[in-house]
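The sequence and structure are shown first.

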Amino acid sequence: MNEISKFLNARTFGAKGSDFITTMNATAGSNIITVDDIGDFEVGDEVVVTKCFINFPARVLFERRDSSPVNTRKWIHNQPVGERIAFDGYDGSQGGRVCYYFDFDPDDTMHFRWTKDFARTWHEGVKITDGWIDIEDGIRIKVGDFKERSYGCTAAFVCDDKMIAVIEKIEGNKIYLSQTANKTSTGQIMHSDSCAIQKAIDAAISENKSVFLPNGKYRLAYSLVIANANSFIFEGESSNGTIIDNCFDHIGIEKEGGSCFVVKDNKEVILKDLFMTGNLGFADRDITGCLPMKGGDSVWGFYFIKTNATCLMNNESVYIENCHARGMSAECFYASGIYREVAEDPASYRRSIIYNRCTVEDCARNAFNNNDNAEHTSILNCRVIDVGGCSWEGASRFVKINGCYFRNAGSIALGNVRGRKARGYLDKLPTGQHIITDNYFEGGVCYGHAMFKIGSCATQITIANNTFINFNSNGIWFMGESGDTDMPCENLIVSGNSFDMTAVDGESEERYAINITAPFATVADNQIYTRGDIDQKLTGIIVSDDVTRLNIHDNTISGCKAGIASEYAVGIVGLVSGDNTFYRETVRAGQEGTKPMMLRHRSDKFRGWKLVWLSDMMESEIQEFDTDTLQFTLKENRVMKSGDRFYIYNPNALPWSIHHNLIDRCTQPMRFDTYSGKRAALDGNLM
């Protein structure tokens with residue numbers, strides 16, 4: 001496949017790679033524009049023209065999830081606004097690309113609030129009337145009486161003024177376009193190479209060949225789609241000189257939108273030696289994340305200003321080498337697709353993705369992301385710096401992260417599977433298996449609470465031989481905290497890591513090296529330390545009182561406020577359903593109340609566990625936990641109400657084994673004053 005004859009050159013299909021831009025004048029109702037300089041424009045070129053075409057890429061409604069534990073209303077993530085809210089008045093003077101959000105709080109049904117800067121600032125308390133409501137600069141809305149208002153919702157209206165067209169004729173400084181302007185204006189015209197490169201891709205796949213892209217700056221108006229190839233390579237001339245410019249704001253509520261490359265339904269694809277740029281960097285991470293709405297849930301800013309490097313869907317094997325991304329607003333390298341649910345193989349499914357020698361820097365959201373249970377993702381020898389979302393978010397199986405460098409980036413998030421109702425296949429073939437070795441983590445984590453955030457359904461995780469340098473953030477969080485739609489993680493090995501937790505730049509943060517709140521963990525042969533004085537905001541290892549099957553041994557811990565400490569596991573009663581039955585409090589994301597953990601179907605179902613009620617310190621024993629309905633049943637009746645708090649622990653579990661650790665220069669070498677902590681088997685520890 002490396003022979004020149006096997007490659008088609010995208011330049012022969014009209015790809016320019018030109019960064020030329022000039023001023024133009026357009027007239028509403030005409031397809032003719034006049035330009036200051038004809039430059040290198042030619043008939044057949046695809047172009048983008050600004051400020052001359054008023055359009056509305058999206059009008060979407062997001063509703064709030066129903067948190068009731070019984071008879072839960074079906075949640076619709078996004079849906080067309082339809083006739084529920086009328087929107088009028090955009091003419092481009094409000095901005096070339098604007099997203100108006102209208103947020104309806106169910107606790108105040110007579111008013112709404114709105115923002116057009118992605119929730120950085122809000123206009124509060126706008127009264128709902130029967131007619132048109134003035135917003136700003138000609139923008140107005142009319143709000144209907146629709147059911148989603150009663151339980152909370154957010155409407156998003158995206159406005160744009162760009163036109164994408166093809167040059168049909170050139171006469172002097174007049175350019176005839178395939179599209180007609182609908183606004184008289186002065187704007188800019190620039191090249192887009194989407195169609196030309198796409199022609200090269202399609203021709204190469206049909207001829208069983210590949211594509212070569214010479215150095216240049218190739219602006220994209222649309223994603224490049226690589227589909228249904230048996231074996232295909234897309235190769236740039238050099239990773240610094242072959243630039244894919246994906247700077248335009250795209251709509252990407254569903255996965256494909258805004259990608260430089262959409263790679264789907266292929267047997268084997270290789271991408272290599274490319275430099276891809278987007279529209280928003282690290283400084284804009286606040287507007288691309290999950291926006292703080294009072295109405296709708298899961299309203300992500302990047303949905304409406306979306307750029308990412310690759311979207312891989314339903315491929316068997318993909319190899320991405322020496323590709324670099326900057327300024328991506330969404331998950332930079334994203335993957336999703338068909339996967340195994342049981343041990344039998346489907347006809348086709350994702351068997352392998354390898355990222356080798358890639359970099360992700362100055363991006364607003366995630367660096368790498370797999371949103372399913374697909375297999376064999378390897379992130380090798382990569383570099384992630386200044387990334388405002390997760391460094392890696394993976395629901396996948398059999399993942400390897402090795403030889404990489406991370407600085408000022410978000411969590412490596414393992415699990416994230418909302419799969420409680422899909423327990424049939426997860427009970428037979430679990431997901432979330434990761435081996436993470438020989439990596440470097442410098443400085444701290446900017447998003448996601450901890451460098452490793454191991455949650456929702458992840459299992460069989462090995463974190464070994466990694467180095468943390470000057471780490472002023474939380475290290476590893478092994479999470480039993482779980483939402484009502486997922487399950488806790490389990491089976492963790494943390495071994496041979498070096499945690500230098502010295503706060504070099506700025507004030508020391510309250511933090512830990514390792515926090516264990518889920519069952520079945522082995523933590524061994526690690527070094528956790530600070531250089532210089534004892535750091536009174538650092539705890540070496542924290543263990544939650546509801547953890548079972550715990551083995552901590554042969555670690556060296558120095559310079560912490562507490563070396564190894566236990567903490568109570570606090571639960572909150574939600575709906576009380578009988579004299580001895582209740583549901584755990586159901587909460588929105590980020591709120592307190594995620595204990596007890598929502599156990600897996602193959603578990604002890606909390607039988608024999610104890611609750612200690614904080615109101616009177618009396619104990620109750622759990623008779624059963626229903627893993628389908630999520631209802632707790634006590635052995636004896638008790639008067640309960642919503643909001644009652646309790647400690648939970650397992651008096652019948654084997655004691656924690658904590659042995660042969662060396663703990664030096666810690667204000668409290670060990671602190672085990674909780675129920676399970678007092679039963680810990682301590683042997684051979686030097687303090």
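## Surroundings of Asn 402

Apart from neighbours within four places in sequence, Asn 402 is in contact with Ile 379, Leu 380, Asn 381, Thr 437, Asp 438 and Asn 439, where contact means heavy atoms within 4.5 Å. The model is a predicted one, in which local features need pLDDT of at least 70 and side-chain atom pairs count only at pLDDT 80 or more, while totals for chains, interfaces and linings use all residues. Residues are numbered from 1 along each chain as its sequence is written, and side-chain values use heavy atoms, with hydrogens and water left out.

Asn 402 belongs to strand 33 (residues 399-402); helices (H or I, at least four residues) and strands (E, at least two) are DSSP runs, numbered from the N terminus. Its side chain makes polar contacts with the side chains of Thr 437, at 3.0 Å, and Asp 438, at 3.3 Å. A polar contact is a pair of N or O atoms within 3.5 Å; within protein, one must be able to donate a hydrogen and the other to accept it, and residues adjacent in sequence count only if both atoms are side-chain atoms. Asn 402 and Asp 438 lie 36 residues apart along the chain, with their C-alpha atoms separated by 5.7 Å. Asn 402 counts as partly exposed because its relative accessibility is 23%; buried means under 20% relative accessible area, exposed over 50%, and partly exposed in between (1.4 Å probe, protein chains only).

Tyr 440 is located in strand 37 (residues 440-445). With 43% relative accessibility, Tyr 440 is therefore classed as partly exposed. Not counting residues up to four places away in sequence, Tyr 440 touches Cys 404, Tyr 405, Phe 406, Thr 467 and Ile 469. The C-alpha atoms of Tyr 440 and Tyr 405 are 4.8 Å apart, although 35 residues separate the two along the chain.

Asn 55 lies in strand 5 (residues 55-63). Its side chain reaches the backbone oxygen of Lys 162 at 3.4 Å. With residues up to four places away in sequence not counted, Asn 55 touches Val 158, Cys 159, Asp 160, Asp 161 and Lys 162.

A nonpolar core is a set of buried Ala, Val, Leu, Ile, Met, Phe, Trp, Tyr and Cys residues joined through side-chain atoms within 4.5 Å. The largest comprises 96 residues, and Phe 234, Phe 261, Ile 454 and Ile 516 have the most contacts inside it. Helix 2 (residues 194-206) gives the most to this core, contributing six residues. A second, separate core of 24 residues includes Val 98, Phe 112, Ala 155 and Cys 159.

In strand 44 (residues 511-516), six of the six residues are buried. Strand 41 (residues 474-478) runs parallel to strand 44 and is joined to it by three bridges; two strands pair if DSSP finds at least two bridges between them. Phe 478 has Ile 516 of strand 44 as its bridge partner. Strand 44 also pairs with strand 47 (residues 535-544) in the parallel sense, over five bridges, and Arg 511 has Leu 538 in strand 47 as its bridge partner.

Six strands close into a barrel in the order 51-52-55-54-53-56, with antiparallel pairing. From one strand to the next, the twist averages 45°; axes are lines fitted to C-alpha atoms, for helices over the stretch in contact, and angles run from 0 to 180 degrees between N-to-C directions. Strand 53 (residues 610-613) pairs with strand 56 (residues 645-649) in the antiparallel sense over four bridges, and Lys 610 stands opposite Tyr 649 in strand 56.
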